[in-house]
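User: I'm new to reading protein models. Could you walk me through a few features of this one?

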Amino acid sequence: MNLLKTSVLNGVAVLIKTATMFALNKVLAIYVGPAGYAAIGQFQNFIQMVTTFAGSAINTGVVKYTAEYHEDKDKQRAIWQTAGVLVTVCSLLLTVLIILFQKSLTIYLFQSAEYQSVLVWFAVFLFFFSFNALLLAILNGKEEIAKLVTGNIIGSLFSFIVTSFLAMKFGLKGTLIALSIYQSINLVVTMILCSRTDWFQFKSFFGKVDKKIAKQLSAFALMALVSVVFGNFAQIWLRKIIIAEFGISYAGYWDAMTKLSGGYLMLIGTILSVYYVPKLSQLHKYIEIRKEVYYGYKWILPLAATTCLTIFILKEWIVRLLFTDQFLPMLQLLSWQLLGDVIKIGSWIVSFMMLSKAMTKIFIFTEVFFALSIIPLTLFFIYFEGFKGVAIAFAVNCLLYWIVCSYLAFKKLKEV
């Protein structure tokens with residue numbers, strides 16, 4: 001599997017996912033407005049944190065070791081059984097905790113108990129959500145890219161259909177319920193795709209926990225937990241700062257900007273996760289790893305820069321097309337956000353290398369420090385630049401992260 005083939009296959013899936021996501025953004029812009037966007041962003045941050053604790057934190061490790069032991073089926077099965085048990089236990093525990101504390105969590109997230117039932121929906125479907133993510137990670141590690149792409153395409157269509165229907169029927173509450181359940185519905189499709197392989201058996205996912213493998217996966221779990229929890233916590237905090245300084249509509253503009261940004265970053269992020277983690281996991285020499293990283297810079301950064309320049313030129317037309325005129329104030333953020341996105345992609349290439357080589361201490365330090373440093377940077381730039389300061393802080397933070405990660409990661413590789 002080479003970068004070009006992976007890019008083409010994933011490009012199809014990501015183009016469909018991006019198209020459905022932007023179409024969904026239009027639906028949500030009409031039916032929930034800027035203030036609704038802020039609530040949706042808050043809930044999505046919560047979902048990402050909970051699903052990470054529920055088991056998705058180990059999925060990068062599952063990809064790595066499934067790819068690394070591609071010639072040892074018994075070893076792979078031991079990895080999947082250990083991962084399956086961890087996902088089951090963690091998901092069920094969190095289901096109970098969410099149901100017990102549903103009212104307090106709802107008030108914290110939405111400043112109202114109105115959406116309490118949404119938390120119940122999410123808790124009930126959490127295990128299926130997590131098990132679907134585990135199966136997709138195994139497909140990735142097995143380099144079953146065609147099946148992985150098919151699963152992602154069908155998942156995108158499910159997301160659009162379910163969320164659009166519930167948003168048009170029930171407004172913001174329907175949207176939040178859709179976010180709680182649609183990934184779980186995808187499990188049916190993922191299981192059908194996996195059933196057509198020679199390795200899929202239910203007993204492969206439930207059984208004895210291998211302590212050594214659990215310890216290996218825990219390093220990836222710790223890295224993912226730190227990255228996702230601190231990253232989403234920072235976003236929740238930033239949203240509260242924006243609401244306090246400018247009002248809830250401006251938090252919606254910021255969330256809309258991050259969704260627009262996330263749409264075009266999706267292709268590159270998917271290529272990196274599907275191609276780089278398995279590929280770098282199989283490389284051991286410093287020269288080979290450095291060559292692979294530079295190869296990524298050679299092809300991926302120009303693609304990112306070209307995409308961002310195109311968006312900047314067509315900015316007003318794009319905002320009107322994908323959202324509504326209500327969202328035009330988000331253009332204040334656009335130039336600095338696009339610059340930050342290009343820088344962020346450069347840093348992603350290094351951070352995926354750290355993940356694939358299990359550089360736990362370096363990864364945790366940089367993720368925690370730069371997840372938290374965005375807060376004082378945002379406050380500083382808001383003071384001098386107003387709302388635009390939110391995007392300036394983002395770009396500066398991404399640049400500092402890239403510089404520090406590159407220095408520490410390559411220094412570590414030379415020592416090995």
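This is a predicted model: local features need pLDDT of at least 70, side-chain atom pairs count only at pLDDT 80 or more; totals for chains, interfaces and linings use all residues.

User: Why can residues that are a few places apart end up pointing the same way?

Analyst: An α-helix has 3.6 residues a turn, so residues three or four places apart point the same way. In H11, the buried residues are Ile318, Val319 and Leu322.

User: How do I describe two helices that pack together?

Analyst: You give the angle between their axes and the distance between the axes. Take helix H4 (residues 73-100) and helix H6 (residues 116-141): their axes come within 9 Å and cross at roughly 165°. Angles over 145 degrees count as roughly antiparallel, so H4 and H6 are roughly antiparallel to each other. Their crossing is right-handed.

User: Which residues in H4 and H6 meet?

Analyst: Quite a list! On the H4 side you'll find, among them, Trp80, Ala83, Gly84 and Val87. On the H6 side, the residues they meet include Leu119, Phe122, Ala123 and Leu126.

User: And are H6 and H7 roughly parallel or roughly antiparallel?

Analyst: H6 and helix H7 (residues 145-195) pack at an angle of about 25°, with axes 9 Å apart. Angles under 35 degrees count as roughly parallel, so that's the label for H6 and H7. This crossing is left-handed.

User: Which residues touch the most other members of the largest nonpolar core?

Analyst: That core has 125 residues, and Phe43 and Phe323 touch the most other members. If you leave out residues up to four places away in sequence, Phe323 touches Asn25, Lys26, Ala29, Tyr37, Ala256, Leu260, Ile318 and Met330.

User: Is threonine 20 buried or exposed?

Analyst: Check its relative accessible area: under 20% means buried. Threonine 20 comes in at 13%, so it is buried. You'll find this residue in helix H1 (residues 3-31). Apart from residues up to four places away in sequence, Threonine 20 touches Ser156, Leu157 and Phe160.

Methods: Residues are numbered from 1 along each chain as its sequence is written. Side-chain values use heavy atoms; hydrogens and water are left out. Helices (H or I, at least four residues) and strands (E, at least two) are DSSP runs, numbered from the N terminus. Buried means under 20% relative accessible area, exposed over 50%, partly exposed in between (1.4 Å probe, protein chains only). Contact means heavy atoms within 4.5 Å. A nonpolar core is a set of buried Ala, Val, Leu, Ile, Met, Phe, Trp, Tyr and Cys residues joined through side-chain atoms within 4.5 Å. Axes are lines fitted to C-alpha atoms, for helices over the stretch in contact, and angles run from 0 to 180 degrees between N-to-C directions. Angles under 35 degrees count as roughly parallel, over 145 as roughly antiparallel, 65 to 115 as roughly perpendicular and the rest as oblique. A crossing is left-handed if the near helix is turned anticlockwise from the far one by less than a right angle, and right-handed if clockwise.
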